[in-house]
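Subject: Structure handover

Hi,

Here is the structure I promised to pass on. Please open it and keep it beside this email as you read.

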Amino acid sequence: MTVTIKQIAELANVSRGTVDKVLNNRPGVKPATQEKVLRIAKELNYHPNLLGKALVQSKNPLKFGIILTADYNPYIQELLSGIQKAQQEFKPFGLEIITKMLTTIEPAEQLAIMNELVNQNVTGMAVFPIDDPQVISRVNQLAAGNTAVVTFNSKVNDIHSLCFIGQNHYKGGRTAAELMRKLIRGQKKIGVIVSSRKLSCHQDRLQGFIDQFTENQDTFEIVEVRENQDRKEEAFCIALEYCNRYPDLDAIYITGGGVAGVGSALDIAGMAGKVRVICHDLTPDSIRLLKKDTVDFILGQNPVEQGYQLIKVLFEYCMKNITPPEEIEIPITISVKESL
């Protein structure tokens, strides 16, 4: 049975315009009437005519803007494949996706890109937010206006977006520490490489990592914490300096991209397989090093699924009026050589 807006209006004893307002989440309807219409629609298993909407959208297509960090991080390449998968799935509805990539992790650049997307009249926006007051303010301003905004990967608590899609990175850091505790007994000297202190996801991983050791009263020393901006070359230099300065180094924990540089540094220092390594994200580089026993564990976050969910959530909200949950958590996976 195909249910129409006209049928719902007759059963609710209201006009078709009122039903249209309710189903499209527009203001101007009394709460009691709104509840009545929604209950009737639910009982009749009403679904909007997406084909009709698609014909309308073909003249005025939905346009989504996606802001990513630099694509030299293999994780971003995986995320892009998920975005492209969703783009193909929703292509019949005239969906247009504009993808922008940061060249730095600087608030000014991200703000400029957000404003550029607004000027291109995007309906929705997905932002990998930098933890900065101006960025937070601008995202909240857009979300409170006519732009559907979702944030992903790096959760910033003061941002009030439609939905956050990503992992619990604090939990990820604690998981990395628990694995490290099983690898190393006694005194532990650990060098840490973080992508950026301006991204909350890496700060959360670092804090979870430290807290897990502290709460278990382990004897450990984090010799240094250095940033590499996800760059392989920076990770190489930092890891080699760690090996030179701390010949008794037990482990390296890298929270973001650039693990290939860590692998090369350990090879040159003759410490591959001796210094334990835990990293995040299943990428070609991390998998290669896991197979070589240079990396011990990889914590994954399914970037393809994250990329797909970004588009799916925005599409369902803008096209089907489906409000997503406040948070879609991506589970943590743990990979060892044999699991591959």
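Below are notes on ring contacts first, then on cavities. Please bear in mind that this is a predicted model.

**Rings**

The count of aromatic pairs comes to 7. Take Phe128 and Phe152 as an example. Their ring centres are 5.5 Å apart, and their planes meet at 70°. Planes over 60 degrees apart count as edge-to-face, so this pair is edge-to-face.

Where do the two partners sit? Phe128 is in the loop between strand E3 (124-127) and helix H7 (133-144). Phe152 belongs to strand E4 (residues 148-152). The pair therefore ties together parts that are 24 residues apart in sequence.

Are Phe128 and Phe152 buried or exposed? The cut-off for buried is under 20% relative accessible area. Phe128 has 4%, so Phe128 is buried. Phe152 has 0%, so Phe152 is buried too.

Next, find Phe209, Phe213, Phe220 and Tyr253. Ring pairs link these four residues into a cluster.

One more ring is worth a look. Lys85 lies over the face of Tyr308. The distance to the ring centre is 5.0 Å.

**Cavities**

Now for the empty space. Rolling a probe the size of a water molecule over the atoms shows where such space is left. How many cavities of 30 Å³ or more does the structure hold? There are 2.

The largest cavity has a volume of about 100 Å³. It is lined by 17 residues. Closest to its centre are Asn73, Tyr75, Asn153, His202 and Asp281. Two elements give two or more residues to this lining: helix H5 (74-89) and helix H9 (200-215). H9 gives the most, with 3 residues. By type, the lining of the largest cavity divides into 9 polar, 5 nonpolar and 3 charged residues.

The second largest cavity has a volume of about 60 Å³. To find it, look for these residues, which line it:

- Thr69, Ala70 and Tyr72
- Leu102, Thr103, Thr104 and Ile105
- Gln229 and Asp230

The lining of the second largest cavity divides into 4 nonpolar, 4 polar and 1 charged.

Then move on to the largest cavity, with His202 among the residues closest to its centre.

Best wishes

Conventions:
Residues are numbered from 1 along each chain as its sequence is written. This is a predicted model: local features need pLDDT of at least 70, side-chain atom pairs count only at pLDDT 80 or more; totals for chains, interfaces and linings use all residues. Side-chain values use heavy atoms; hydrogens and water are left out. Rings of Phe, Tyr and Trp (its six-membered ring) pair if their centres lie within 6.5 Å; planes under 30 degrees apart count as stacked, over 60 as edge-to-face and the rest as tilted. Helices (H or I, at least four residues) and strands (E, at least two) are DSSP runs, numbered from the N terminus. Buried means under 20% relative accessible area, exposed over 50%, partly exposed in between (1.4 Å probe, protein chains only). A charge sits over a ring if NZ of Lys or CZ of Arg is within 6 Å of the ring centre and within 35 degrees of the ring normal. On a 1 Å grid over the protein atoms alone, a cavity is a set of points where a 1.4 Å probe fits but cannot get out, and a pocket is an open set with protein on both sides within 12 Å along at least five of seven lines; lining residues have an atom within 4 Å of a point. Grid points are joined across faces, edges and corners, and a volume is the space filled by probe spheres set on the points. Ala, Val, Leu, Ile, Met, Phe, Trp, Tyr, Cys and Pro count as nonpolar, Asp, Glu, Lys and Arg as charged, and the others, Gly among them, as polar.
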